[in-house]
Amino acid sequence: MSEKKWLLGNYDYATHARIMEIVAIFAYLVTTVYIAYQLALQFNSPMVELFWIVPSALFVGLVLADFSSGMVHWLADTFGSTDTPILGPNFIRPFREHHTDPEGITRHDFVEVNGNNCVVIMLFGMPLFLLIPNTSDTWAIWLELALLSQFAGVFATNQIHKWSHQEDPPAFARLLMKMGVIMSVDHHNVHHTAPFDTYYCITTGWLNPVFEKLGIFPKLEKFVRANSPWADPMTSTERNARTIPAQENS
């Protein structure tokens, strides 16, 4: 049962976490607008350079966001358990429970869906801008645009994920899915098909066919398990192959 909280909206988790998410979303949006404004002021290259700087930076940023979403998703689905200290209840549990109740995310509001990603961006992403020289150099501007694009993709990832599970997502979201700009419903359904060990990237989904063809995640998993004494030597695919038939026969 959701608690009705004036100003904070409807939610059924800790109030301090809700406040942190709201503050993080606000901070992310304000910081993004400020950085974009500063970039516009710094840009003094010939107009023709805009035709390669902006599209290429936006594209690379979205690819990086898709990659980030895939790595995080794969790690949470593959290693540890809900009992793992700290990471278990806060990081792994939501991913594991999502496979039990895929439509659960559709019942979460904007803050709950997107707040956590904004916390991550503000803590670990935005500080990266401090490492880039404050200059009008073309490559510095390109790098900042690429980072802004990546963080925008990370910010939108869970919202895109939510749309992919909705029966009737917004019209503009359906259009973006049809254009291949963001992950589509059919694309994400591949991940939710047993044994649930592929198509982990959930922003644009562009990298999923590439990673699937190259066998990136199975190879990474085998490498980690072979070289980590704490990891179960049985891969997730092998484990699912044993458990799924048993579940089907039960």
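Guide: Angles under 35 degrees count as roughly parallel, over 145 as roughly antiparallel, 65 to 115 as roughly perpendicular and the rest as oblique. The axes are lines fitted to C-alpha atoms, for helices over the stretch in contact, and angles run from 0 to 180 degrees between N-to-C directions. Helices (H or I, at least four residues) and strands (E, at least two) are DSSP runs, numbered from the N terminus. This is a predicted model, in which local features need pLDDT of at least 70 and side-chain atom pairs count only at pLDDT 80 or more, while totals for chains, interfaces and linings use all residues. Residues are numbered from 1 along each chain as its sequence is written, and side-chain values use heavy atoms, with hydrogens and water left out.

Visitor: Is the crossing of H4 and H5 left-handed or right-handed?

Guide: A crossing is left-handed if the near helix is turned anticlockwise from the far one by less than a right angle, and right-handed if clockwise. That of H4 and H5 is right-handed. Contact (heavy atoms within 4.5 Å) involves residues including Phe110, Asn114 and Cys118 of H4 and Phe151, Phe155 and Lys162 of H5. By class, seven are nonpolar, six polar and one charged; here Ala, Val, Leu, Ile, Met, Phe, Trp, Tyr, Cys and Pro count as nonpolar, Asp, Glu, Lys and Arg as charged, and the others, Gly among them, as polar.

Visitor: At what angle do the axes of H1 and H5 cross?

Guide: H1 and helix H5 (residues 138-165) have axes that come within 11 Å and cross at roughly 155°. H1 and H5 are therefore roughly antiparallel to each other. H1 passes H5 in a left-handed crossing. Among the residues in this contact are Tyr28 and Leu39 of H1 and Leu148 and Phe155 of H5. The contact has 11 nonpolar, two polar and one charged residues.

Visitor: Which way does H1 pass H4?

Guide: The crossing is left-handed. The axes of helix H1 (residues 15-42) and helix H4 (residues 110-125) come within 7 Å and cross at roughly 65°. The contact residues include Tyr28 of H1 and Phe110 and Cys118 of H4. By class, this contact has 12 nonpolar, four polar and three charged residues.
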